[in-house]
Amino acid sequence: MTTVNNNTNALEVKNVVKYFHDPSTFQVLKGVSFDVKKGEFLSLVGKSGSGKSTLLYILSTMDTDYEGSLSINGNMLTGQNQNQLSIFRNEHIGFVFQFHYLLPEFSALENVMLPAKKLGKLTFDEIEHKAYESLRLLDLEEQALKGANKLSGGQQQRVAIARALINSPSIIMGDEPTGNLDSKNSMVVQDIFRNLAHEFGQTIICVTHDNDFAQRTDRTIEMTDGLISNH
Amino acid sequence: MAQKRKNNVNRQIASVHLTSKIGQTVVAILGVTFGVSMYIFMNSFMNGVNKAQDDLAFSNLSHIRIDNENEKNDYNPVEAAFSSGTVFNIRNKKDIQSETDIKNTQQVMAILRAQPEVKDLTSQVNFSVFYRNGSKKINGTISGVDPNNENLMFGSADKVVAGKWDDLNYQKSGLVIGKILADNLGVKLNDNVNVLTSDGISKNFNVIGIIETSVKEIDKSRAYINIGTAQQLLGKNFNYSTGILVNLYDRDKTTAVVDRTQNSVKYNMETWQEANQQLVAASQLRNIIASAVSLAILLVAGFGIYNIMNMTINEKIREIAILKAMGFSGGDVLTIFLTQATAIGLSGVFSGLILGISISSAVNQVPFKVAGLTTLPIHYQWADFAAAMIFGILTTILAGYFPARKASKIDPVIIIRG
C-alpha cells in the first residue's frame with residue numbers, strides 16, 4: 001500500500017531530554033531517540049505523565065526548551081529561532097488537536113484557507129480551490145460556508161483536519177485527535193488518517209490513549225516514565 | 001507577492017475580530033472620537049477666545065510703539081564742573097523741559113518702512129486737552145493721526161458710527177470724537193466743540209464723525225484730528241510726533257525688528273508683548289488648560305482601548321495559540337492586534353474630527369454679546385487638527401501595543417495543553 005520513498009526518514013529524534021522546572025525540577029523525557037519513516041502512520045501511547053504529549057510538542061517545534069536534536073525531512077530544527085520555526089511549521093506540519101480550535105468567527109472554508117494564505121504561495125483562487133478539495137475529501141463540501149461554531153463536534157474536527165492538510169504538509173501531528181469524538185466519528189477520522197498516510201504518503205504522528213486507535217496504526221511507540229518502553 | 005498576501009490574512013483576521021464584537025469596537029472608537037473632538041473643540045474655542053481678545057487689544061495697540069517718554073534728565077552741570085569733594089548746595093533745582101517727542105519722525109519711519117516684516121506704520125501726535133461745549137468742560141486726549149494709515153492699522157473707519165472717517169483727510173478743522181465723550185459733552189454730528197491745550201491755545205472743531213471702539217476708556221476721553229492740524233495746534237513742524245506705531249505681518253517677530261533697528265532709531269521701542277504681558281500670559285494659560293483637559297480625555301480613551309484590547313486577547317488566547325501552531329509568528333500576532341488598534345484609532349480620529357467641527361460650529365452659534373462679540377468665538381487652526389490626529393492615533397497605537405505584545409508572546413504549548 002505505501003507508495004513514496006519508504007526508506008527516507010521523515011523525522012529523526014536523537015536523545016531528547018526535557019525538564020519541567022515548575023513547581024520543582026522534574027525530568028519528563030530521559031533521552032528519547034527514534035525515527036519515523038515517510039508515509040508512516042504512527043501512534044504515541046502511554047499513561048498520563050509518561051511524557052508522550054511533551055514529546056509531541058517538541059516534535060511539533062512549538063516547544064524549543066529541550067536537550068537533544070530534532071530533524072524533519074533532513075532539516076535540523078534544533079537551535080532555530082521561533083520565527084524560522086513558525087515558517088517551517090506553516091509549510092511542513094499540520095496540526096489536529098483534541099479540541100478542534102477553529103476560529104469561531106470564520107466559516108469552515110475560511111478556517112481551512114488560513115494556513116495557505118499565511119504561506120502565501122498560491123493565489124486566492126488556487127487556495128480556495130484547494131480548500132474545497134480538502135473539504136470534499138472529508139465530506140464537508142456542503143458545510144463550507146457555514147460558520148465554524150455552527151458545526152457539530154465531528155464536523156469541526158474534520159474541518160480542523162482539512163485545515164491541517166491545506167498546505168500539503170509532510171507531517172500531520174495529532175494530540176488526541178479523536179479524544180473528543182464519539183466512536184463513529186472517531187472511526188471516520190482514523191480512516192482519513194490511514195488514507196492520507198497510505199495514499200498520499202503523508203506522515204502522521206498521533207498521541208492517543210485509545211488502544212483501539214493505536215492498534216489500527218502502522219506502528220505504536222509506548223512511553224513509560226520518559227522513556228520509550230516498547231516500539 | 002507572498003509578503004502582501006500574508007499581510008492580507010493578518011488584516012482579515014483583525015477585521016473579523018473587530019466586526020465580531022461590534023459593540024466593543026464602537027465603544028473603543030467612541031472613546032477616541034470623544035477625546036479627539038474635545039481636543040479640537042477646546043483648542044478652537046480657546047483660539048477663538050484668544051483671537052477675540054487680541055482683536056480687541058490690537059484695535060488700538062500697535063505691534064511696536066516708538067516714543068521718547070522714558071528719557072530722564074540726570075545731567076547735573078554743577079557736579080560736572082567742580083571736582084569731587086567740593087561742597088555745594090542747590091536748593092529748589094529746576095530741570096530744563098525734557099523732550100518727550102520725536103523730532104525726526106520721517107527719518108525714523110523711513111528706517112522702519114525698509115524692514116521686510118513691517119506691514120503698516122503711522123505717526124501720531126497725542127496730547128491732553130480740555131474739551132469744552134458751553135459750560136461743560138471735560139478732560140481728555142487728542143490724537144492727531146494720518147487718517148489713511150491709522151485706518152490701515154486699526155480699522156478706524158469701521159468703528160465710526162456716525163459721519164465719515166475719511167473726511168479727516170479733507171477737513172482740517174474736523175474732529176472724530178469718542179461716543180461717550182460726545183454724549184457727555186452733549187454734542188452731535190456737525191456740532192462744534194472747543195479744544196483747549198495745556199499751553200492755553202483754544203480752537204473750535206467741527207464734529208465730522210463719532211467713533212465707538214469696544215474700549216470704554218477710549219470712547220470716554222479721546223477724539224481724533226488730522227495730524228497736520230495737531231502739529232499746528234502745538235506749533236510744531238511736520239516732522240514732529242509723539243509716537244510712531246508699527247504693525248508687522250507677523251506680530252510675533254517684534255523682537256527681531258526691534259533688535260535690528262534699535263541702534264539707528266535711538267528712541268524707546270516697546271513691543272506689544274512688553275506692553276501687555278498679561279495678554280500673553282492669559283492666552284498661554286488658556287492654551288495650557290485646553291491642552292491639559294483634552295489630553296486627559298485622550299488618556300482616558302487610551303485606557304479604555306487598553307482594557308478592551310486586553311479583554312479581546314484574553315478571550316482569544318486559544319485562537320492566538322492555534323494561529324501560532326499553524327505557523328503565524330509572534331510578529332504576525334502583533335500585527336493583527338496593532339491593526340485593530342490602528343483601525344480603532346483611525347475611525348475614532350476621523351469621526352472625532354467631524355464631531356469636533358460640529359460641536360465647535362454649534363457653540364459658534366451661541367449668542368454672546370459682550371465687548372464687541374456677537375456669538376461665542378471659535379477659531380480653527382490646522383495645527384490643532386494635526387495635533388488631534390497625531391495624539392489620537394498615537395494614544396490608540398500605544399494603548400494597543402502593550403496587549404498586542406503580550407499576545408505575541410503567548411506560548412502556544414501552554415495554552416493548547418491547558
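**Figure 1. Contact between chain A and chain B in the predicted model.** The contact draws 22 residues from chain A and 21 residues from chain B. On the side of chain A that touches chain B, the elements giving two or more residues are α1 (52-59), α2 (82-92), β6 and α3 (108-119) of chain A. Of these, α2(A) gives the most, with six residues. By residue class, this side of chain A divides into 10 nonpolar, six polar and six charged residues.

**Figure 2. The open six-stranded sheet of chain A.** The strands follow the order β6-β7-β8-β3-β9-β10 in chain A, and their pairing is mixed. The edges are formed by β6 (93-97) and β10 (227-230) of chain A; each has a single partner strand, so one side of each is left without a neighbour in the sheet. On average, neighbouring strands of this sheet are turned by 25° against each other, direction ignored.

**Figure 3. Pairing of β9 and β10 in chain A.** Strand β9 (residues 219-224) of chain A runs antiparallel to β10(A), and three bridges join the two. A:Met223 stands opposite A:Ile228, a residue of β10(A).

**Figure 4. Helix α5 of chain A across β6 and β7 of chain A.** Helix α5 covers residues 153-165 of chain A and lies across β6 and β7 (171-175) of that chain. The helix runs at about 170° to β6(A). Strand β6 of chain A is also one of the elements on the side that touches chain B.

**Figure 5. The two assigned domains of chain B.** Domain 1 of chain B comprises 2-57 + 279-417, and domain 2 comprises 64-69 + 99-275, according to the domain assignment. Taken over C-alpha atoms, the centres of domain 1 of chain B and domain 2 of chain B are separated by 52 Å.

Key: Residues numbered from 1 in each chain as written. Chains lettered and ligands numbered in written order. Predicted model: local features only at pLDDT ≥ 70, side-chain atom pairs only at ≥ 80, totals over all residues. Domains from an automatic or database assignment. Pairing = 2+ DSSP bridges. Helix = DSSP H or I, 4+ residues; strand = E, 2+ residues; numbered from the N terminus. Axes fitted to C-alpha atoms, helices over the stretch in contact; angles between N-to-C directions. Contact = placed C-beta atoms within 7 Å. Nonpolar A, V, L, I, M, F, W, Y, C, P; charged D, E, K, R; others polar.
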